Amino acid sequence: MCTVCGCGDAHHHYGQGVARAHAPGLSQARMVKIEQDILGKNAEYAQRNRARFREQGILALNLVSSPGSGKTSLLTRTLTDLKGQYPLAVIEGDQETSQDADRIRATGVSAVQINTGKGCHLDGHMVGHALETLNPDPGALLFIENVGNLVCPAAFDLGEAHKVAILSVTEGEDKPIKYPDMFAAADLMLLNKTDLLPHLDFDVALCMEYARRIHPDIEILQVSAKTGAGMEQWYQWLRAHRPEPESPAR
Ligand SMILES: Nc1nc2c(ncn2[C@@H]2O[C@H](COP(=O)(O)OP(=O)(O)OP(=O)(O)O)[C@@H](O)[C@H]2O)c(=O)[nH]1
Ligand SMILES: [Mg+2]
């Protein structure tokens, strides 16, 4: 019998204790201290970024998801459709290659690629440096595509106004309850690749219920970056969340 959840099956829990994680050879107290130091420093950088966004009326969004959910595809379609309406800029995060930044630049929009190497997420310091290079225009929509990873990016504030979680229907409807931190941190979930639904057993209603179980107020839009279905609702969401020119950014 499992002593933590009482499920009666062979079930090992490593997310217990104050650190809610496990590292061989490190005590829970030591892990908490290390995490506090890292996140505290990150929070300072994120606040600097946020102040810059507020001053310049920039809507910064942190796009988070597993690898391959369609972040870059959504972005290239969005940029192509919105070009000329607003200043646009992109920061791309991947462990290696500049392929995504190249795809963004092919739309005519400026992009800076950050390669994190072994790192599994972007942080506030990296984004601050990217901003120096990118220098987005006042009033811009700034999209930050995080490293494809449904775990680590949830914990790191980049100074964004909102995290936007992209979940594609090929991943299974259970992802919000299996990776709850990401869906708790995101204000909007874009359910992508809906063009594939006729070929899958994916239960859209159940997926939305799972997401709302983790985050009751999460907004959810169904889209297809391939066909363009639902994209207009996403653009309306972007318009609605742009800061008023004279008022502080949200
Ligand atoms: N059918 C279908 N395929 C899609 C859609 N969006 C993206 N794809 C495909 O999904 C694959 C991954 O898309 P990307 O846009 O590279 O995904 P990503 O999230 O940016 O991937 P990483 O940056 O590696 O995490 C590509 O083959 C896309 O063509 C969609 O709406 N429908
Ligand atoms: Mg990508």
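A residue is called buried if 20 or more other C-beta atoms lie within 10 Å of its own, exposed if 12 or fewer do, and partly exposed in between, with C-beta atoms placed from the backbone. This is a predicted model, in which local features need pLDDT of at least 70 and side-chain atom pairs count only at pLDDT 80 or more, while totals for chains, interfaces and linings use all residues. Residues are numbered from 1 along each chain as its sequence is written, and chains are lettered from A and ligands numbered from 1 in the order in which they are written.

Helices (H or I, at least four residues) and strands (E, at least two) are DSSP runs, numbered from the N terminus. In β2 (88-94), seven of the seven residues are buried, so this strand is largely enclosed by the rest of the structure. Leu88, Val90, Glu92 and Asp94 are buried on one side of β2, and Ala89, Ile91 and Gly93 are buried on the other, which leaves both faces covered. In a regular strand the side chains alternate between the two faces of the sheet.

## Overall dimensions

The protein chain holds eight helices and seven strands. Its radius of gyration, taken over C-alpha atoms, is 19 Å, close to the 18 Å from the globule rule (2.2 Å times the number of residues to the power 0.38) for 250 residues, so the chain is as compact as a globular protein of that length. Along the principal axes, the C-alpha atoms fill a box of roughly 60 × 45 × 35 Å.

Of the 250 residues, 36% count as buried. Two residues are in contact if their C-beta atoms, placed from the backbone, lie within 7 Å. Among contacts with a separation of 6 or more, 72% are between residues 24 or more positions apart.

## The sheet

Two strands are taken to pair if DSSP finds at least two bridges between them. The seven strands form an open sheet with parallel pairing, in the order β3-β2-β4-β1-β5-β6-β7. Its edge strands, β3 (110-115) and β7 (219-222), each pair on one side only. From one strand to the next the twist averages 20 degrees. For this and other angles, axes are lines fitted to C-alpha atoms, for helices over the stretch in contact, and angles run from 0 to 180 degrees between N-to-C directions.

Strand β2 is joined to β4 by five bridges, with Glu92 opposite Glu145 in β4. Six bridges join β2 to β3, where Gly93 stands opposite Ile114. The chain passes from β2 through helix α3 (residues 99-105) to β3 in a right-handed β-α-β crossover. Right-handed here means that, with the strands pointing away from the viewer, the path from the first strand over the helix to the second runs clockwise. Helix α2 (residues 71-82) lies across β1, β2, β4 (141-145), β5 and β6, at about 165 degrees to β4.

## Strand β6 and its partners

Five of the seven residues of β6 are buried. Strand β6 pairs with β5 (residues 162-168) over six parallel bridges; Leu188 of β6 is the bridge partner of Val164, and Leu190 that of Ile166. With β7, the parallel pairing of β6 runs over four bridges, and Leu190 stands opposite Leu221. Together, β6, α7 and β7 make a right-handed β-α-β unit.

## The nonpolar core

A nonpolar core is a set of buried Ala, Val, Leu, Ile, Met, Phe, Trp, Tyr and Cys residues joined through C-beta atoms within 7 Å. The largest has 55 residues, and Leu142, Ile144 and Ala165 have the most contacts inside it. Strand β1 (residues 59-65) gives the most to this core, with five residues. In soluble globular proteins, nonpolar side chains tend to be buried together.

## Loop residues

The loop between β6 (186-192) and α7 (204-214) contains Asp195. Asp195 is partly exposed because it has 15 C-beta neighbours inside 10 Å. Beyond neighbours within four places in sequence, its contacts are Ser224, Lys226, Thr227 and Ala229. The C-alpha atoms of Asp195 and Thr227 are 7.0 Å apart, although 32 residues separate them in sequence.

Lys193 lies in that loop between β6 and α7 too, and with 24 C-beta neighbours inside 10 Å it counts as buried. Its phi is near 70 degrees, a positive value in a residue other than glycine.
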